[in-house]
Amino acid sequence: MSADELALLRAELGSPLPEGCGALDGPGALLLAQALRRARERRASALNEAVEDALTLVPALTREPVRRMLFRQA
Amino acid sequence: MDTLRGRAETLKLARLLDVEPHRLTFLEELPADDVRLFRERVVAALFDEDRGRLDRIAAMTKLLPATVAAGIAQKALGPRLAAALAGRLEPARAADIIDRLPVDFTARCCHHVDPRRIAGIMGRLDDDTVVRIALVLAERGDHLTMGRFVGHLRESALRSVLPRLGETTLLRTGFVIDHPERLGLILGLLDDEQLSSVIAAADDHGLWPEAMAVAGMAADDQRTRLASLTAAQPEARLDSLIRVTAEQDLWESLLPIVSALSEDELRAVAALPALRDPAVLDGLVRGVVATGLWADFLPMVGVLPPTARRVVATAAGALDDEGLDGLARGVEKEGLWDLVVPLIELMDATARRRVYALPAFRERATG
């Protein structure tokens, strides 16, 4: 059954699937959903790491306030 | 054409998701336009996340002179964060910083830039910077990134960079170009000798599918030009094109190119040894049935050598009822009766009876 996997893919995408993607089978939809999740996680973690690296340039005393400002929820 | 577009779209999505392309080959079964739409939504899902934080960092860089911002980007941010920030800055500001970065670093950033922001940034970079970035990307073999960018290059930048790119780079980049409507301009900037070398390289490097995809995406006049230059290649090269097409079942891509040939060119192609091979011809007929490209195919049948024409007639006569019905409907739709009747006459008696019993043919006979 691919309905669950398609729903998972839609949720991961955060927008509707193009019509033709409705023909994806369960394993295909699941693979895409997992790949998208991993890509988001990788991107987020790489950005966090890059921000932390960049923070080392900020004087130690002001580093924490700057970090809080950058990491606060929008 | 859809098969090759599907392959290109699969490569682009695999890059975006950072997975091995072979794991996504199942996507080639879907309409290429839907895979492209899906990819665009994946771009939004990936690049719109974290916008708040990136905007805050981008706002901080506004306080710095471009030279200082460039120094920080290179020394502390790294290509991924620098590219993410470039996507959040005003394009003019991003271009101002990029102009001050070493080209190797910029080329690494290109891989990570939000594709939706490329046009704004590229439009503000000077030609020299653009050309140097393109050459680094070419050297790194990063054709997918080049395919994203090339559609946004100004004509003056294209004029500088195209003669400096190798034939295989042109083929691989053209295959994955994000704005194929720019191919007309790009091909127009290459003279016949350069294009003939690109075509020869397609054969030498196993890139006929890439070449067919480029020709298929080109505007009519450039497709005709590419078709003629291809037909002028030595017989062995053309034979290899036909063999690759048959092996990968790419008739839907090749036939529209063949149909752009003049009658003399078509005769030269029709005389190729590969087009006397019954297995190739059988696959060709099935490819035409599957794609309905009768208008592209039947003129070529008319100039095939008699033996080959008979093989085509036999293959067509052996089609099941659905296939024959498809032939009849295609012929009716395109008004190809004059071309198909000689082919039917070459079929055996049983096949002829089946064809003439089809409603479309009966109506034609009585009409």
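Predicted model: local features only at pLDDT ≥ 70, side-chain atom pairs only at ≥ 80, totals over all residues.
**Chain A by itself**
- Chain A is built from three helices and zero strands, so from the N terminus its elements read α-α-α.
- The radius of gyration of chain A comes out at 19 Å, whereas a compact globule of 74 residues would sit near 11 Å.
- Take the contacts in chain A between residues at least 6 apart in sequence: 33% of them link residues at least 24 apart.

**Where chain A meets chain B**
- Chain A puts 29 residues into the contact, and chain B puts in 28 residues.
- On the chain A side, the elements giving two or more residues are α2 (26–55) and α3 (60–71).
- The largest share of that side comes from α2(A), with 15 residues.
- Sorted by class, the side of chain A that touches chain B holds 20 nonpolar, four polar and five charged residues.

**One residue to look at: A:Leu57**
- You'll find A:Leu57 in the loop between α2 and α3 of chain A.
- Is A:Leu57 buried or exposed? A:Leu57 counts as exposed because there are 12 other C-beta atoms within 10 Å, and 12 or fewer is the cut-off for that label.
- Setting aside neighbours within four places in sequence, A:Leu57 is in contact with B:Ile72 and B:Ala76.

**Helix α2 of chain B**
- The mean pLDDT of chain B is 90, with 99% of its residues at 70 or more.
- Helix α2 of chain B covers residues 32–47, which is 16 residues. From first C-alpha to last it reaches 22 Å, close to the 22 Å expected at 1.5 Å a residue.
- Its buried residues are B:Ala32, B:Asp34, B:Val35, B:Phe38, B:Arg39, B:Val42 and B:Phe47.
- An α-helix has 3.6 residues a turn, so residues three or four places apart point the same way.
- What do the buried residues of α2(B) pack against? They pack against α1 (3–13) and α2 of chain A, together with α1 (2–17) of chain B.

**Helix α15 of chain B**
- Helix α15 of chain B (residues 220–231) has 12 residues and should span 16 Å at 1.5 Å a residue; its end C-alpha atoms are 16 Å apart, which agrees.
- The buried residues in α15(B) are B:Gln222, B:Arg223, B:Leu226, B:Ala227, B:Thr230 and B:Ala231.
- The cover over those buried residues includes α12 (183–188), α13 (192–204), α14 (208–217), α17 (251–258) and α18 (263–270) of chain B.

**The two domains of chain B**
- Chain B is split into domain 1 (151–233) and domain 2 (234–367), and their centres, taken over C-alpha atoms, are 28 Å apart.
- Between them, 14 residues of domain 1 of chain B are in contact with 18 residues of domain 2 of chain B.
- On the domain 1 side of chain B, α13, α14 and α15 each supply at least two residues.
- α14(B) gives the most to that side, with six residues.
- By class, the side of domain 1 of chain B that touches domain 2 has eight nonpolar, four polar and two charged residues.

Definitions and conventions: Residues numbered from 1 in each chain as written. Chains lettered and ligands numbered in written order. Contact = placed C-beta atoms within 7 Å. Helix = DSSP H or I, 4+ residues; strand = E, 2+ residues; numbered from the N terminus. Nonpolar A, V, L, I, M, F, W, Y, C, P; charged D, E, K, R; others polar. Expected span 1.5 Å × (residues − 1). Buried ≥ 20, exposed ≤ 12 C-beta atoms within 10 Å, placed from the backbone. Rg over C-alpha atoms; globule rule 2.2 N^0.38 Å. pLDDT = per-residue confidence, 0-100. Domains from an automatic or database assignment.
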